[in-house]
Amino acid sequence: KSDEGIIVATSHWQFGTCNGKLRDVIHVAPNQKFKFRLINGGQHHALRVSIDRFPLTIVAMDSQPVEAYTVDEVVVHVGERFDVEVNIFNDVEEGEGYWIRASSLESQSQGFENGIRAIMRVSDLQSIPLDEDVPDPGESVVAQMSKHRDEKILNCHAPNPECIPITSLTP
């Protein structure tokens with residue numbers, strides 16, 4: 001069940017990957033904008049996607065451009081795709097890492113630790129270390145997704161005052 005009490009799947013989450021890896025490292029540079037395509041290629045579970053400390057600007061849905069809309073998290077249901085842009089702040093330092101979290105909606109029954117994890121690492125993009133040499137970010141991988149009063153979430157399962165319906169996106 002989800003936090004809202006909705007049954008989200010008939011079986012429990014097992015595992016997933018980011019770019020085909022259980023622990024992928026995506027390198028970014030300060031003061032730049034990066035575009036990510038989020039795809040839920042699974043067959044059962046929606047995923048709540050966020051990057052610690054960084055807002056996501058939705059620029060396309062299912063390959064169709066939409067008016068840019070900035071959120072803290074996006075729920076990607078099975079078969080959906082979202083193109084998001086992430087602005088990397090000037091105040092981040094080389095070597096810093098941030099969790100990219102794609103958590104299933106089963107949080108009530110299994111906790112937020114279930115889902116896909118990757119690392120967004122700040123680097124100069126000239127000397128990129130091997131993934132196995134990149135340490136995990138300081139914040140715990142099982143930390144609960146941050147809940148802020150003014151947090152914006154796109155495409156939720158259930159009515160929620162912090163949730164923006166997908167119909168709010170305009171071409």
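Reader: Which residue in β6 does V49 stand opposite?

Author: In this predicted model, V49 stands opposite V74 in β6. The two strands concerned are β3, residues 47-51, and β6, residues 73-76, and they pair in the antiparallel sense over 3 bridges.

Reader: What is the order of the strands in the open sheet?

Author: The open sheet has 7 strands in the order β1-β9-β8-β3-β6-β10-β11, and its pairing is mixed. At its edges are β1 and β11 (163-164), each of which pairs on one side only. As a general idea for reading such a sheet, the side chains in a regular strand alternate between the two faces of the sheet.

Reader: How many bridges join β1 to β9, and do the strands run parallel or antiparallel?

Author: There are 6 bridges joining β1 to strand β9, residues 115-122, and these two strands run parallel. Within this pairing, V25 has I119 in β9 as its bridge partner.

Reader: With which residue does D136 form a salt bridge?

Author: The general idea is to look for a side-chain nitrogen of Lys or Arg within 4 Å of a carboxyl oxygen of Asp or Glu. D136 forms such a salt bridge with R23, and their closest N and O atoms are 3.0 Å apart. This pair links distant parts of the chain, since D136 is in the loop between β9 and β10 (153-154), whereas R23 is in strand β1, 113 residues apart. D136 itself counts as partly exposed, at 45% relative accessibility.

Reader: Which strands hold R37 and D83?

Author: The side chains of R37 and D83 meet in a salt bridge with an N to O distance of 2.6 Å. R37 lies in strand β2 and D83 in strand β7, so the pair ties together parts that are 46 residues apart in sequence. D83 is buried, with a relative accessible area of 8%, whereas R37 is partly exposed at 47%.

Reader: How far apart are the closest N and O atoms of E85 and K33?

Author: In the salt bridge of E85 with K33, the closest N and O atoms are 3.6 Å apart. This pair also links distant parts of the chain, with E85 in strand β7 (residues 81-87) and K33 in strand β2 (residues 33-39), 52 residues apart.

Notes. Residues are numbered from 1 along each chain as its sequence is written. This is a predicted model: local features need pLDDT of at least 70, side-chain atom pairs count only at pLDDT 80 or more; totals for chains, interfaces and linings use all residues. Side-chain values use heavy atoms; hydrogens and water are left out. Two strands pair if DSSP finds at least two bridges between them. Helices (H or I, at least four residues) and strands (E, at least two) are DSSP runs, numbered from the N terminus. Buried means under 20% relative accessible area, exposed over 50%, partly exposed in between (1.4 Å probe, protein chains only).
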